[in-house]
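Please read the notes below with the model open beside you. They are arranged as numbered points, each of which can be checked by eye.

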Amino acid sequence: MASLDTDEDFLFLAEDDPAGSAIEQTLGEWHLLIVDDDEEIHTVTKLALNDLVVMGRQLVFHHAYSGKTAIEFLRVNPQIALVLLDVVMESDDAGLKVVRQIRDELCMEELRIVLRTGQPGYAPEESVIKEYDINDYKTKTELTRSKLVTSIIASLRSYQQIRTINQSRRGLQKIINAGANLLEQHSLHEFSEGVVTQISSLIGLHAEGVLCAQIEDDGTASENIYVLGAAGQFAPYIKCQLNRLDNIRIVNQITQCLQSRQHIFTDLDTVLYLGNDKHSAAVYIETNRPVEALDRQLIEVFLTNISIGYENVTLFQQLKHAAYIDPLTKTPNRNEFIQILQDTRRYEAENNIAVLIDVDHFSDVNDGLGQDVGNELLIAITFRLIEYFGETCQLGRIGADVFGVVGPESELTPERLNAVFNEPFHASEYTLQVNATFGLCRLTDSAEQGLIILKHVYIALNKAKKRLGFNYQYYTADMEEEMAERLAMLRMLRHDFFNDRLELWYQPQIELASQRMVGMEALLRWPQANGQFISPAVFIPLAEYSGLIIDIGNWVLEQACLHIKALEKQGYTGLRIAVNVSMPQFRNHGFVQSVIDCVNRYQVKPEYLELEITESVVMDEPKMVIDALQKLKSFGIKVAIDDFGIGFSSLSYLQQLPLDRIKIDRAFIRDLDLTAGEVITETIINLGKRLQLFTIAEGVENKAQEQALKLMGCDEVQGFMYAKPMPPAELLHYLQQQKQ
């Protein structure tokens, strides 16, 4: 409404804000700029309008005394609603130039302009009205108070209508954009901001407000209410908890709305409920006046129309949340942590470090106590990590039992990381003491891509797992080079194997009593183009790691059986061939049957094939190995335990193994001239006799060693003193010489 009362007893007001400084926008006010080079016009205009109230708002006056200062003022104060502009100031058309700058340069299309001139003949009123986007053009003499008030009211109404239309357009555009970009990260926030803006437009106010929603569980606690969208002074609080607003009234009003699921209308604000049983939200609008009945109806229609849109956006947001958040620990998952690594590397690489935390033997908890206890343990570890590093670092769950942390290197030290696991964790009714292994990578030592950073930290973690005495390892560039070399070697091994470039050589085994050859050990060789060989100690672990050892092991068995048959055709019968077997072969469910099938396929007597296993293989999976060997033993295949005495064997397992032969490791034979070496070797030989097992010593290089072993009662030997490993053709020549 407008107050048109006149009062001849004008009171001069205090000086208003000068032009050139930014002003603070306050609800319930219209800001007017008077532009005139005559100071008296400023005073008269203020006095004429000081008691005017338009649509419930008072007028606030600002002053400029030239076109230049007017533009400077408007440039930093875009919230001016109306300009009372003199045409003739520093030039005859200064006011018209200001109009052009307002529209063309400042692009202020909502601002309304009333032109005033003291020289009516300068520019015809009709041409000015047609050419310029203005509301009115009058001479100062004809612009009486009543006409000035009428022009002011009409201009402000026009300003309000244009602003409402533009707000509606902008609000709708934001909702459309949110709908078109539902999979973008902030689509829910864009949608929510659009809702706030649109509702403000519907009720005819340039109002400010927030849209909030419950994020977790029962939805009654205010600490679980988050700001999804906001306009005006509340915009900085998007994504924050509602309590961060530090406004008790807003918190209480929104909480009440969400609990009651009903709209709230008061003289100060409006709170609207949006959603359904699954997705609830509250829209708070700071109105400072009651919302009229017609506006309430418009709001109801609007909320009905957008409720489905809100539900869809929420569902998509939940899908996105599921794609980037670990559902168990509610922390970033691997995908999101990679992005965190990349962002941190790009903007805060200095002094920051990435860490992977691998919980040792976590599978034992799952297998022994159940997955529910395992999950509770992971949650307990998450809380402990947040307690230690939550204020300065970012945490994520990268794998089943692997956590990632990125933050200041001064915080993420091996000492502090180990301290996390000093105290036991509580999971269900259990108190569990667990340890962890850590891989660390300084961000400045890695690349900018998050995936590469994660790869580097994993390289360090894998190194730490193999490092004795320490449970952590920092990444260095040479680690990746080493890894690249291993992968290149593995590719070359795979290529050469499938192109039949591997060879099987044989080292004779001699019976001490008769000095005749009774068997041989099959040894894998990998020749290179330069005539050199890559050591089995290098490539066998690679083959085991990659699983290629299964195919290689089958090939070795076939070659051994073929050579047994080939030797028989040459008249050399009764010679056994010993073949080494690794743990991955035992883990292959078809291993036992493949050995039996190979023997049957080549019609080899089972007792001529001997399988050699190491102590470490037995101790890795005792029951599996023992069961497999017993089946093979019952078929007639011989079994020997290799490198006996250097592992951590349990004698109880040794008693259960269906063994035929014990191989004494070359380390003890080398030290036979020492008391300790002599005692251990003799003890192993005596143990073999008590268990009714044959003993064979490897690495025999001289007569003194041979004589000592013979006196101790050792059955067989092999070593350079008798023959080095040799290819099949040389073996045949060796046998021929032995026969002579």
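The points below go from the chain as a whole to charged pairs and then to individual loop residues.

1. Basis of the values. This is a predicted model, in which local features need pLDDT of at least 70 and side-chain atom pairs count only at pLDDT 80 or more, while totals for chains, interfaces and linings use all residues. Residues are numbered from 1 along each chain as its sequence is written, and side-chain values use heavy atoms, with hydrogens and water left out.

2. The chain overall. The protein chain holds 25 helices and 27 strands, where helices (H or I, at least four residues) and strands (E, at least two) are DSSP runs numbered from the N terminus. Of its 740 residues, 48% are buried; buried means under 20% relative accessible area, exposed means over 50%, and partly exposed lies in between, with a 1.4 Å probe and protein chains only. Among contacts in the protein chain with a separation of 6 or more, 65% join residues 24 or more positions apart, a contact being heavy atoms within 4.5 Å.

3. Accessible surface. The accessible surface of the protein chain comes to about 36500 Å², and carbon and sulfur atoms account for 51% of that area. Accessible areas come from the Shrake-Rupley method with a 1.4 Å probe, and for residues only the protein chains shown count as cover.

4. A negative patch. Asp37, Asp38, Glu39, Glu40 and Glu90 form a negative surface patch. Patches are made of residues with over 30% relative accessible area and no salt bridge, like charges being joined within 9 Å and nonpolar side chains (Val, Leu, Ile, Met, Phe, Trp, Tyr) within 5 Å. Lys and Arg count as positive and Asp and Glu as negative, whereas His and the chain ends are not counted; the place of a charge is taken as NZ of Lys, CZ of Arg, CG of Asp or CD of Glu.

5. Salt bridges. Side chains of opposite charge can pair when their charged atoms come close. A salt bridge here is a side-chain nitrogen of Lys or Arg within 4 Å of a carboxyl oxygen of Asp or Glu, and by this rule the count comes to 28. Salt bridges also link Glu521, Glu612, Lys663, Arg666 and Glu698 in a network.

6. Two individual pairs. How far apart are the closest N and O atoms of Asp496 and Arg501? They are 3.3 Å apart in this salt bridge; Asp496 is buried, at 7% relative accessibility, whereas Arg501 is partly exposed, at 42%. In the salt bridge between Arg516 and Glu511, the closest N and O atoms are 3.6 Å apart, and here Arg516 is partly exposed, at 47%, as is Glu511, at 24%.

7. A pair between helices. Arg601 and Glu558 meet through their side chains in a salt bridge of 3.2 Å, N to O. Since Arg601 lies in helix H18 (residues 591–601) and Glu558 in helix H16 (residues 548–569), the pair ties together parts that are 43 residues apart in sequence. Arg601 is partly exposed, with a relative accessible area of 47%, and Glu558 is partly exposed, with 26%.

8. Leu268. This residue sits in the loop between strand S9 (264–265) and strand S10 (269–275), and at 45% relative accessibility Leu268 is partly exposed. Leaving out residues up to four places away in sequence, Leu268 touches Arg249, Glu286, Thr287 and Asn288. Glu286 is 18 residues from Leu268 in sequence, with 6.6 Å between the two C-alpha atoms.

9. Ser428. The loop between strand S15 (425–427) and strand S16 (430–432) contains Ser428, which is partly exposed, with a relative accessible area of 41%. Apart from neighbours within four places in sequence, Ser428 is in contact with Val373 and Glu376. The C-alpha atom of Ser428 is 9.3 Å from that of Gly374, although the two residues are 54 residues apart along the chain.

10. Backbone angles to inspect. Met55, not a glycine, has a positive phi of about 50 degrees; Met55 lies in the loop between strand S2 (53–54) and strand S3 (57–64). Arg261, also not a glycine, has a positive phi of about 60 degrees and is found in the loop between helix H7 (248–260) and S9.
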